[in-house]
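Please look at the structure below with its aromatic side chains in mind.

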Amino acid sequence: MAESMPSDGSSSSLKAGLPTASSLARALAYPYGLLLLTTLVFRIATALPLQQAGYMDASYSMLVAQNIATGRGLVEDVLWNYLDRPQGLPHPSNLYWMPLPAFMIAPFYALMGISYRAAQVPFILLSLVLPLFAFYLARRIYGRDSYAWAAAVFTAFSGFYTVYWVSPDNFTPFAVAGSVSLYAAARGVESGKARYLFGAGILAGFAHLARADGVLILAVIPLSLFLRPAYRSVKPILLLTAAALVGYLLVMGPWFVRDYVVAGSFYPSTGAKTLWLTNYDEVFRYADDLTLARYLAWGIGPILASKFTGAVQNLLIIAFGDLQLFLAPFAIAGLYQLRRRAELLPFFVYAALLYMAMAFAFTFPSWHGSMLHSAAALLPFFAVATPAGIDASMRWIARHRRRWNAEQAAAFYRIGFCFLAVIISLFLYAQGIFGPWVGEQGSIPLWNERDAEYTQVGSWLGQHAKASDIVMVVDPPSFFNVTHHPAIVIPTDSVEAVFEAARQYHAHYLVLQFDHPVPLSDLYRQRGEIPGLVARAQWQDALNRPVELYEIQE
């Protein structure tokens, strides 16, 4: 006869010591909930002080979103460049910048009314994904929550990006769609399962819908497959790439059709003309002469010099933008540690493609904002690599200093660098929004004061001009959002081009401010007059610099 189980409670005690499925799930989910709440509070805290778009890209997204929300569709009441030889206003929108930010804003305009605060909401919510993704990826790779928390902090408190995560621009949607697409591609390349690459293709489509260079993320997939030794024949590479392409076309196909209808091409070449710039101001030329022949006539010396400058500038953008500089050596060390991890193969491919495209092809746009936008998709991977790099650095030091405790030092510096990332992010944010705490005020007004002069100009126009009068300014989207006057950009190539553009598009007024084209510098500094431009009013911008309004009479 079998002995009965003892009745001293040992069995129940044993069961009580084992985690249940629900308690394990709660333990695993708790860090994500805490991280989500912390990031949300921080994002709201950084969003509320902002009162306006603050720069042209975000203003443009808001302008197009307003037209979508009010039933006018994908049109713009401004021309901020002449690269596609526009016929007049209104003009089909998003033939240069992509439409996803405007698509995200429009439903919130419809629900909440047209305001900057409504425009921020979808970006605040979407930006919560990035730290969660970094935490998940670090936990998956290392199995250590200490590393995962550090990666999440480096992503949430990300220096220069802090203010842009909550701005109605493509920083947030591109970073989320691009980084998660790269990870989905990694899962597909590692497993050979088409469903992951199909998902990666969908996300690559959304990345492209946010930024034109998002197409590079789609190109990453076949290159990553080719680099994996497991794929020794062309057939599986083609089949898996096809799965990604199908997902990509589900998102981008309708947009290609739209472009064909309004521009006569599935892939308008407007942005491609920036390949042939000899300086950034040529983006705003009126003359349609951005050609390969003109570019080659510039000379091999200046071309090579510009590429060298582009190579250096783009490295600095990554170092300061993604890594706040002080994290750069540790991220490099960490990436070396992870060089054979399948989860990072598409990241490495994309980083190389992006750097080469920006430094050596789209050289001038790259260091005027393009690289900072596109490198946002790299941020979570850099953040994930950094904790391992910190530990590797501490182990290296310990080998040369006998009294150095590598484990304690690594924990100390991980925590210390997290605090430093928070401090730097808060400082950079506060300096741009509330004012410089050290040194003198620069040439850029504080965020909420950048369009102060446009309010004054708009009041004058309301009293002296017709609502349909077109105005020439350096920032047409921001001007339109403040004054509701249609606007075109002041050409940068010559005074003659200013008048030619004014005649073609029937512009009546010109606003001349501190940021102005070089051909108008003498007029701005009152060193001479230009026949056909008659001064009508003058104000000052937020930094007490003159702002002049001219009537165009020629």
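Two rings of Phe, Tyr or Trp (for Trp, its six-membered ring) count as a pair if their centres lie within 6.5 Å, and a pair whose planes are over 60 degrees apart is called edge-to-face. In this predicted model, a search of the whole structure finds 40 aromatic pairs.

One of them joins Y32 and F135, whose rings are arranged edge-to-face. Because Y32 belongs to helix 2 (residues 21–47) and F135 to helix 6 (residues 129–142), this pair ties together parts that are 103 residues apart in sequence. Y32 is partly exposed, with a relative accessible area of 23%, whereas F135 is buried at 0%.

Y454 and F479 also make an edge-to-face pair. Here Y454 lies in helix 19 (residues 452–464) and F479 in helix 20 (residues 476–483), so the pair ties together parts that are 25 residues apart in sequence. Y454 is buried, with a relative accessible area of 2%, and F479 is buried as well, with a value of 0%.

The geometry of the two pairs is set out here.

| Pair | Centre to centre | Angle between planes |
|---|---|---|
| Y32 and F135 | 5.0 Å | 70° |
| Y454 and F479 | 5.1 Å | 85° |

Elsewhere, ring pairs link F133, Y136, Y183, F347, F348, F381 and F382 into a cluster.

Which rings have a charged group over them? R85 lies over the face of Y286, at 5.0 Å from the ring centre, and the charged end of R339 sits over the ring of Y336, 3.8 Å from its centre.

Technical notes. Residues numbered from 1 in each chain as written. Predicted model: local features only at pLDDT ≥ 70, side-chain atom pairs only at ≥ 80, totals over all residues. Heavy atoms only, no water. Phe/Tyr/Trp six-rings, centres within 6.5 Å; stacked < 30°, edge-to-face > 60°. Helix = DSSP H or I, 4+ residues; strand = E, 2+ residues; numbered from the N terminus. Buried < 20%, exposed > 50% of the residue type's maximum accessible area, 1.4 Å probe, protein only. Lys NZ or Arg CZ within 6 Å of the ring centre and 35° of its normal.
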